[in-house]
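User: I've got a model open and want to talk through its contacts. Can you walk me through it?

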Amino acid sequence: MTLGDLLAQKRITTALVVDDVCDAVPTATDIGPENEAWAIFNDDLTAEQRQLIEAAYEVAKDRSFDELVSDDAYVAAVWGLRDTLTEVAAPLFEQYLADQASDQTYVDVVVQKLQELGLECRTSGRDFIEAAQEVDLIVIDLFFNKAQDEAALHASKRMLRDAIEKRRATPPLVILMSRSPRLEDKREEFRDEVGLLDSGF
């Protein structure tokens, strides 16, 4: 019996791949409040460009720049204006875009493999709780930001726990994925804190 046959026999027909690469907008952590490009960005902004940002995010008028670079909403505003801000914003998002392109190739491979097994496959970023309610299998990234730190690990555990809590009577299968060498060390912690019976990788 092939794996595809086994999945069909067990009525595993739908899958959701969850990875922050699928998010349309970066967070402050994704760009990094300590990113040296922020200081250059702030120095190079013209008065007109500052007005554009403040129009998109009015809170920016009353807060220090050091606070703003840690604010997801501010980062989202700058991201949304990046084509208008042109070369001023380009260095700020250069590494993020390169990381996104690299990570997307891995997600594409996962989706392709699942589809080859006959599964109907969707993808989602960090806002996946509702999408997780109707699928048989969830493949989820171990870390939910580019820093791959403890906060990122905590976020993926918390969000998956919240998603599964709504369907404890019919929980999905869960597979962890990560390019990090910490995956094997963290899988049991992830399983126990989320409340899974087991976890694969």
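This is a predicted model: local features need pLDDT of at least 70, side-chain atom pairs count only at pLDDT 80 or more; totals for chains, interfaces and linings use all residues.

User: Ok. What does Asp30 touch, leaving out residues up to four places away in sequence?

Analyst: Asp30 touches Tyr96, Arg126, Asn145 and Lys146.

User: Where is Asp30 found?

Analyst: Asp30 is in helix α2, which covers residues 28-31. Helices here are DSSP runs of H or I with at least four residues, strands are runs of E with at least two, and both are numbered from the N terminus.

User: Buried or exposed, Asp30?

Analyst: Asp30 counts as buried because its relative accessibility is 7%. The cut-offs: buried is under 20% relative accessible area, exposed is over 50%, partly exposed is in between, with a 1.4 Å probe and protein chains only.

User: Which backbone nitrogen does the Asp30 side chain reach?

Analyst: That of Thr27, at 3.0 Å. This is a polar contact, meaning a pair of N or O atoms within 3.5 Å; within protein, one must be able to donate a hydrogen and the other to accept it, and residues adjacent in sequence count only if both atoms are side-chain atoms.

User: And Thr29, buried or partly exposed?

Analyst: Thr29 is partly exposed, because its relative accessibility is 36%. Thr29 also lies in α2. Its C-alpha is 23 Å from that of Thr84, 55 residues apart along the chain.

User: Switching to charges. How many salt bridges does the whole structure have?

Analyst: Five. A salt bridge is a side-chain nitrogen of Lys or Arg within 4 Å of a carboxyl oxygen of Asp or Glu. One of them joins Arg126 and Asp30, at 2.8 Å N to O. That pair links distant parts of the chain, 96 residues apart: Arg126 is in the loop between β2 (120-124) and β3 (137-141), and Asp30 is in α2.

User: Is Arg126 buried or exposed?

Analyst: Arg126 is buried, with a relative accessible area of 13%.

User: Which residues are linked in a network of salt bridges?

Analyst: Asp23, Asp30 and Arg126.

User: Give me another bridge.

Analyst: Lys166 and Glu130 meet at 2.9 Å, N to O. Lys166 is in the loop between α9 (150-165) and β4 and Glu130 is in the loop between β2 and β3, so the pair ties together parts 36 residues apart in sequence. Both Lys166 and Glu130 are exposed. Arg168 and Glu165 also form a salt bridge, at 3.3 Å N to O. Arg168 is partly exposed, with a relative accessible area of 37%.

User: Now α6. Which of its residues are buried?

Analyst: In α6 (residues 72-80), Tyr74, Val75, Ala77, Val78 and Trp79 are buried. These buried residues pack against α2, α3 (36-44), α4 (47-56), α5 (65-68), α7 (82-85) and α8 (90-116). At the start of α6, a side-chain oxygen of Asp71 reaches to within 2.8 Å of the backbone nitrogen of Ala73.

User: Last one. What does Arg179 contact, leaving aside neighbours within four places in sequence?

Analyst: Ser102, Asp103 and Tyr106. Arg179 is in the loop between β4 (173-177) and α10 (183-194). Arg179 and Ile31 are 148 residues apart in sequence and 19 Å apart in space, C-alpha to C-alpha.

Technical notes
Residues are numbered from 1 along each chain as its sequence is written. Side-chain values use heavy atoms; hydrogens and water are left out. Contact means heavy atoms within 4.5 Å.
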